[in-house]
Protein chains: 2
Amino acid sequence: MSFRSFSGACAVLAISSSLFSHPLQAEDILSEQIKSTALELKETALKAGLAYELDESLSTEVGARRVGTPGDKKGVDWAVAKMKALGFDKVWTEEVTHVMWERGEINAEVISPYPHKMTAIALGGSVGTPEGGIKAEVVEFENFAALQAAAPDSLTGKIAYVSYRMERKIDGSGYGPAVIARGQGAIEAAKRGAVAFIMRSVGTDNNRLGHTGGMKYEDGVPMIPAAALSNPDADILSNQIRRGKPVTFKLTQSSSRHDATVVKTANVIGEVTGRETPEDYVVLGSHLDSWDVGTGAVDDGIGVTITMAAGKHILDLPQRPKRSIRVVLFGAEEVGLIGVRQYLEKNQAEIGHHVIGAEWDFGVGRIYEMKPGVGPEALNAIREMAELFAPMGVSLSPDNDAKGQSDLSILGNAGMPAVNFSPDGSLYFDYHHTDNDTFDKVDPEAMKINTAIYTMFAYLAAESGVNFRK
Amino acid sequence: MSFRSFSGACAVLAISSSLFSHPLQAEDILSEQIKSTALELKETALKAGLAYELDESLSTEVGARRVGTPGDKKGVDWAVAKMKALGFDKVWTEEVTHVMWERGEINAEVISPYPHKMTAIALGGSVGTPEGGIKAEVVEFENFAALQAAAPDSLTGKIAYVSYRMERKIDGSGYGPAVIARGQGAIEAAKRGAVAFIMRSVGTDNNRLGHTGGMKYEDGVPMIPAAALSNPDADILSNQIRRGKPVTFKLTQSSSRHDATVVKTANVIGEVTGRETPEDYVVLGSHLDSWDVGTGAVDDGIGVTITMAAGKHILDLPQRPKRSIRVVLFGAEEVGLIGVRQYLEKNQAEIGHHVIGAEWDFGVGRIYEMKPGVGPEALNAIREMAELFAPMGVSLSPDNDAKGQSDLSILGNAGMPAVNFSPDGSLYFDYHHTDNDTFDKVDPEAMKINTAIYTMFAYLAAESGVNFRK
């Protein structure tokens, strides 16, 4: 597709959007030389398959990397060594601290009317049960709102159970309505007297594997244990409840919080040092930590290795781009975007030099959309970039409100311009935060294309000198 | 499609087959009245969804039913009560005995070079390891033949590992080349000095769930523990081995054989008593036992409930068909077709009265083919039946060598004519013998269609009086 027809078509579709309300200009911002090098990088990335190879290494040689575990430390060591081996101009770590939590063991079962041993997993941060477990009647709620609507004290001595089923969507928009119960369910249940909180997993699969993930407590509200049932087990529990007899459930969980015990991890940063304005950074973000299930090959091994591979391909050019590129592998993302918050504190003075950023933290699919969040003067450059990505199936969003994804949302909110690349997320929540997050789920062809796009984006943003600020 | 065009087309395709070498006859064997009632039964079954409802009951209220476990006894009680409630004319059990085996616990992990805790499952019948486990170097074989080709004593002190990957096929034909290692691998490994046998699961999925299933020992060969790794874990192990460093594996497994301890179960039989020759039986077979993983909703809850529903729909007709119909839920199938063998011993004298049989033991898909194994005189009747099934997507195999599937193969080999209905088995080995064998995998629409076909088949065979014997 030619530039003219591509941008023209988009303009028609999006007359009122902020992106296309800015006038097109006659001459290209990105020089032919820059575009030509970007297309060479595309070919290099498509041929190399480097991200796939790196992710195989990370997931085979390191595996799961939950903050505070030996695997997390191994992940940091792996990333530093690998970035050095790839030839990054500078590689360093910045310490990140968090508090300790231990998963322990879990046993979840229906005692009556029909005994059934469940597959379940503690939510991240949950307290445990007393040693002998908690045995109580289950009260089912179809969603979080129904739990919130329950009367005070109506759950005294009961186990609250939210059975909401997450919807599968290409953009992952089924996650929000489902994950609210994971975050807030234990609080709302405890406010009403519940002794434990259980929920259908936040996931779109039908496997006997629970989906873990972060949860919260609230000051002044009792901390009750919280766990997710695998989706088939949630079906079984709901089927038992539907019969109208009281269902007695037993949860025994030895997870434990150690809020006074600090654990250390790191953000790992690899730099391609710019040849003209090295103090300006294009940021490629991802997170190095994972949950302690699976091997973190998908979440976020894919992001870690796509962004590392992008840096490596640019390092292999005959000369460095004008600006620096920082590949930042954030620590402790899964437990609340901790690493990036500490990065921002430490690098606050330099936030104005983070010229634009893009994160990968959304799994296995191919990118189908690019959405900018830049100043109006930069929109023509964005259009020209999008034209280069279009043959790989990427359309340009009519909106210009991207704030950065996952970790980079924190820097986006602090003023860093961003581009959000959206991959097809239809399958992502089949594996998300489960033991199924393993390397066999990684699609080598998607990895090549997505790496090509991130490589080209980083190069174009670093070499062109475009001012993306609003 | 008309009868003429249907059978004509098939005859062209299958000139040399035994089925179509028999001449077509001018007049229909099955009367208009019989066909009309069969079509009424079809509508009833499609509307009712009874098999789905029964399977929901079995898998919710009973769950897994491995022979010798409390679940198996509950399954027998459930089946007897349900058959009585459905109004079968006679319901009875015939005792089946087997030997005791206990699964125990399993822990499987790579110790070095890259520690990784595996998801694994003991093969059915396997001995355990010594209490502290077995720690040894792993030797990988790409398939069973490669293991067989290994030199004597070449595995002394090692753990043998077969990494063969089962292929996905509509007819399940990928199973044979994969399952041979499950059955024989421990024997061949032990003959060469191995201390344990591990294998990639016999399954087509990519879930962190191991596939169990029966295995054998041989007199005079040491009994070594045998386990299956989940397929993602097998990938990880092979990826580690591929790096060329010795891989040390630790298997700790507390499974135990109690070959002198008899456990009891039963074949459960429900009869629709024929109005003219009640001593002749059309047999619908399936097995009531399951492995001790999942809830046995698929294997063989589907077969149990399709055949029960077929009987019920025929019971609801204004009159009984001429011959009897026996819905036989065999016990102890998973551990070696034990229930049907004991059924044959007990009913040997009546085997000549088992006029024809069909089994369901192949999962979740829709039937796409019907293959007879009948005398030449019965082929025209078979063609007429097939014509009635054709609108539901069922083609007639050109072959006439069906011996009965699963349990019924034993009766087929003893002389009972049979029809094999083949469902689409593409997904079957994703769930087979895993914790994922749960009710959410059961497709209600496929259940309706398949029940309609079994109901019609049983009625047509029982009412028509056709002699299916060879």
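Predicted model: local features only at pLDDT ≥ 70, side-chain atom pairs only at ≥ 80, totals over all residues.
## Helix 5 and helix 9 of chain B

In chain B, helix 5 (residues 70-86) packs with helix 9 (residues 301-315) at an angle of about 20°, and the two axes are 10 Å apart. Helix 5 of chain B and helix 9 of chain B are therefore roughly parallel to each other, and their crossing is right-handed.

Which residues meet here? From helix 5 of chain B come Lys82(B), Met83(B) and Leu86(B), and they meet Met308(B), Lys312(B) and Leu315(B) in helix 9 of chain B. By class, this contact of helix 5 with helix 9 in chain B has four nonpolar, no polar and two charged residues.

## Helix 4 and helix 9 of chain A

Over in chain A, let us look at helix 9 with another partner. Helix 4 (residues 50-61) of chain A packs with helix 9 (residues 301-315) of chain A at an angle of about 130°, with 8 Å between the axes. That angle makes helix 4 of chain A oblique to helix 9 of chain A. The crossing of these two helices of chain A is right-handed.

On the side of helix 4 of chain A, the contact is made by Leu50(A), Ala51(A), Leu54(A), Asp55(A), Leu58(A) and Ser59(A). Helix 9 of chain A brings Gly301(A), Ile302(A), Val304(A), Thr305(A), Ile306(A), Met308(A), Ala309(A) and Lys312(A). Sorted by class, the residues of this contact between helix 4 and helix 9 of chain A are nine nonpolar, three polar and two charged.

## The sheet of chain A

Next comes the sheet. Chain A has an open sheet of eight strands in the order 3-2-9-5-6-7-8-4, and its pairing is mixed. Where does this sheet of chain A have its edge strands? They are strand 3 (116-118) and strand 4 (120-122) of chain A, each of which pairs on one side only. On average, neighbouring strands of this sheet are turned by 30° against each other, direction ignored.

With strand 9 (residues 248-253) of chain A, strand 5 pairs in the antiparallel sense over four bridges, and Phe249(A) in strand 9 is the bridge partner of Ala136(A). With strand 6 (residues 159-162) of chain A, strand 5 pairs in the parallel sense, also over four bridges. In strand 6 of chain A, Ile159(A) stands opposite Val138(A), while Tyr161(A) is the bridge partner of Glu140(A).

## Helices against the sheet

Helix 7 (residues 175-191) of chain A lies across strand 6, strand 7 (196-200) and strand 8 (226-229) of chain A, and it runs at about 150° to strand 7. Helix 8 of chain A also packs on the sheet, where it touches strand 2 (106-112), strand 3, strand 4, strand 5, strand 6, strand 7 and strand 8 of chain A. The direction of helix 8 makes about 85° with that of strand 5 of chain A.

## Strand 9 of chain B

In chain B, strand 9 (residues 248-253) runs antiparallel to strand 2 (residues 106-112), and six bridges join the two. Ser112(B) has Thr248(B) in strand 9 of chain B as its bridge partner. Strand 9 of chain B is also joined to strand 5 (residues 134-141) of chain B by four bridges, and these two strands run antiparallel as well. Here Phe249(B) in strand 9 of chain B stands opposite Ala136(B).

## Where the two chains meet

The contact between the chains takes 22 residues from chain A and 22 residues from chain B. Helix 4 and helix 8 (231-242) of chain A each supply at least two residues of the side of chain A that touches chain B. Which element of chain A gives the most to that side? Helix 8 of chain A does, with five residues. Classed by residue type, the side of chain A that touches chain B has five nonpolar, ten polar and seven charged residues.

How are the two copies related? Chain A is superposed on chain B by a rotation of 180° with 0.0 Å of shift along its axis (RMSD 0.0 Å). That is the relation of a two-fold axis. Within chain A, the C-alpha nearest the axis belongs to Asn207(A), at 3.8 Å from it. Both copies use the same surface, as 100% of the contact residues of chain A recur in chain B.

Key: Residues numbered from 1 in each chain as written. Chains lettered and ligands numbered in written order. Axes fitted to C-alpha atoms, helices over the stretch in contact; angles between N-to-C directions. Parallel < 35°, antiparallel > 145°, perpendicular 65-115°, else oblique. Left-handed = near helix turned anticlockwise from the far one by under 90°. Contact = placed C-beta atoms within 7 Å. Nonpolar A, V, L, I, M, F, W, Y, C, P; charged D, E, K, R; others polar. Pairing = 2+ DSSP bridges. Least-squares fit on C-alpha atoms with pLDDT ≥ 70 in both.
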